[in-house]
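Please look over the sequence and the 3D structure shown below before reading on. The briefing that follows moves from the overall layout to single residues.

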Amino acid sequence: YRVYMSKFSIVLCVLCFFAASSTQAKKASLAEISRYLDQHKVLTAKFAQISYDGSRADGKIFLKRPGRLRFEYQDPNNVVVLVAEKRITIFDNKSNSQPTSYPVSNSPLSLLLDDEIDFTKNSMVLDHSYDGSLTRVTLNNPEHQEFGQITLMFEQDPLRLSQWQVTNQVGEQILVLLNDLKYDVVMYDTLFNITLNIEQWKER
């Protein structure tokens, strides 16, 4: 179970964009946040993940909506987490065990992978608040509330996602911080091809 949770925490952690340089003057609206997220369908960034046990992992993230996400963890983790074809597949490059896979609907990450994002028109928003510095939006999947929730934290001027915290089904929290974010980069579909990635894992 602990091994599973460790892998689950790696999967769930993912996205915090940009270290901020300005103080947010007001709460960003759900419409503004939706437009921001909907505008950036392709992006890449470096990330630092802080897990519930205090451990840190670094790596790089690739997002290509709809439906595709990839996390490449640096040593000593040396893990690739691939979200594609409505599944999350975990490749542990230090293990001889077969890659593990489960439905992306089992993770709150699924809420960010639709082609169009509009938080004003659905029931996934649990909380929308402002702490004097950041706008916080907490989401979960109404059809799969048992799989946890995700909180997005946004800075403003310009609007940008600065932190991402996932709370899994047993209450453990994982924070991911990203930097060096790049939008609209050329990103080949082979990054998200499960069959190709399995073959590469076998040949490692």
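How many helices and strands make up the secondary structure of the protein chain? The secondary structure comes to three helices and 11 strands, where helices (H or I, at least four residues) and strands (E, at least two) are DSSP runs, numbered from the N terminus. This is a predicted model, in which local features need pLDDT of at least 70 and side-chain atom pairs count only at pLDDT 80 or more, while totals for chains, interfaces and linings use all residues. Residues are numbered from 1 along each chain as its sequence is written, and side-chain values use heavy atoms, with hydrogens and water left out.

**Overall layout**

- Read from the N terminus on, the elements of the protein chain follow the order α-α-β-β-β-β-β-β-β-β-β-β-β-α.
- The protein chain has 204 residues, of which 49% count as buried; buried means under 20% relative accessible area, exposed means over 50%, and partly exposed lies in between (1.4 Å probe, protein chains only).
- Among contacts (heavy atoms within 4.5 Å) between residues at least 6 apart in sequence, 57% join residues that are at least 24 apart.

**Strand pairing**

- Strand 1 (residues 42–50) and strand 11 (residues 173–183) pair in the antiparallel sense over seven bridges, pairing being counted if DSSP finds at least two bridges between two strands.
- Within strand 11, Asn 179 is the bridge partner of Lys 46.
- Strand 11 also pairs with strand 10 (residues 160–167), in the antiparallel sense and over four bridges, and here Val 176 of strand 11 is the bridge partner of Trp 164.
- The hairpin of strand 10 and strand 11 has five residues between the strands, and in this hairpin Gly 171 takes a positive phi near 85°.

**Nonpolar cores**

- The largest nonpolar core has 40 residues, and the members that touch the most others are Leu 37, Phe 119, Leu 152 and Phe 154; such a core is a set of buried Ala, Val, Leu, Ile, Met, Phe, Trp, Tyr and Cys residues joined through side-chain atoms within 4.5 Å.
- Helix 2 (residues 30–39) gives the largest share of this core, namely four residues.
- Another core, of 10 residues, lies apart from the largest one, and among its members are Phe 62, Met 187, Phe 192 and Ile 194.
- When neighbours within four places in sequence are left aside, the residues in contact with Leu 152 include Leu 37, Leu 112, Phe 119, Val 137, Leu 161 and Trp 164.

**Salt bridges**

- The structure holds 11 salt bridges, each being a side-chain nitrogen of Lys or Arg within 4 Å of a carboxyl oxygen of Asp or Glu.
- One of them joins the side chains of Asp 38 and Lys 41 (3.4 Å, N to O); Asp 38 counts as partly exposed at 24% relative accessibility, and Lys 41 is partly exposed with a relative accessible area of 25%.
- Asp 38 and Lys 41 are also linked with Arg 65 and Asp 115 in a network of salt bridges.
- The side chains of Asp 118 and Lys 121 meet in a salt bridge as well (3.9 Å, N to O), where Asp 118 is partly exposed, with a relative accessible area of 27%, whereas Lys 121 is exposed, with 70%.
- A salt bridge also joins the side chains of Lys 202 and Glu 199 (3.9 Å, N to O), and both residues lie in helix 3 (residues 194–202), three residues apart, which is about one turn of the helix.

**Loops and backbone**

- A cis peptide bond, with omega about 5°, joins Arg 65 and Pro 66, and Pro 66 lies in the loop between strand 2 (56–64) and strand 3 (68–73).
- The peptide bond from Asp 157 to Pro 158 is likewise cis, with omega near 0°, and the place of Pro 158 is in the loop between strand 9 and strand 10.
- Asp 157 lies in the loop between strand 9 and strand 10 and, although it is not a glycine, has a positive phi of about 65°.
- Asn 78, which is not a glycine either, has a positive phi of about 55°, and its place is in the loop between strand 3 and strand 4 (79–84).

**A buried glutamate**

- Glu 155 lies in strand 9 (residues 149–155) and is buried, with a relative accessible area of 10%.
- The C-alpha atoms of Glu 155 and Lys 26 are separated by 9.5 Å, although these residues are 129 residues apart along the chain.
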